[in-house]
Amino acid sequence: MLRPTPCYVSYADQIRLTGARAVFVPTTEENEFIPRLEDVQKLWNHKVKVFVINSPCNPTGAGFPTKRDQKDNGFSH
């Protein structure tokens, strides 16, 4: 399960409770705490079943881009 970070502290434990393995996608203030496509692609493999995104994100308050913006940055088709 891919999860952007920083994130709410209990998410890792909640993911583990489901039997899944948490893999964290780093984000930075420079990219407004939105995961970069190239960082997601580096971590994505055949075992990944879920990429969790909540918007706005706790604790940063970052909102995920609109559908139009997602197409521009390669997250959507």
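This section describes the strand pairing and the salt bridges of a predicted model.

Strands E1 (residues 2-5) and E2 run parallel and are joined by 4 bridges. Within this pairing, leucine 2 is placed opposite valine 23 of E2. Together with helix H1 (residues 11-17), the strands E1 and E2 form a β-α-β unit of right-handed sense. The side chains of E2 (residues 23-26) alternate along the strand.

The structure contains 3 salt bridges. One of these links arginine 16 to aspartate 13, with 2.4 Å between the closest N and O atoms. Both residues belong to helix H1, where arginine 16 and aspartate 13 are separated by 3 residues, about one turn of the helix. Aspartate 13 has a relative accessible area of 43% and is therefore partly exposed.

Arginine 36 takes part in salt bridges with glutamate 38, at 3.3 Å from N to O, and with aspartate 39, where the closest N and O atoms lie 3.0 Å apart. Through shared partners, these salt bridges connect Arg36, Glu38 and Asp39 into one network. Arginine 36 is partly exposed, its relative accessibility being 38%, and glutamate 38 is likewise partly exposed, with a relative accessible area of 39%. Aspartate 39, by contrast, has a relative accessibility of 11%; because this value falls under the 20% limit, the residue counts as buried.

Technical notes:
Residues are numbered from 1 along each chain as its sequence is written. This is a predicted model: local features need pLDDT of at least 70, side-chain atom pairs count only at pLDDT 80 or more; totals for chains, interfaces and linings use all residues. Side-chain values use heavy atoms; hydrogens and water are left out. Buried means under 20% relative accessible area, exposed over 50%, partly exposed in between (1.4 Å probe, protein chains only). Helices (H or I, at least four residues) and strands (E, at least two) are DSSP runs, numbered from the N terminus. Two strands pair if DSSP finds at least two bridges between them. A crossover is right-handed if, with the strands pointing away from the viewer, the path from the first strand over the helix to the second runs clockwise. A salt bridge is a side-chain nitrogen of Lys or Arg within 4 Å of a carboxyl oxygen of Asp or Glu.
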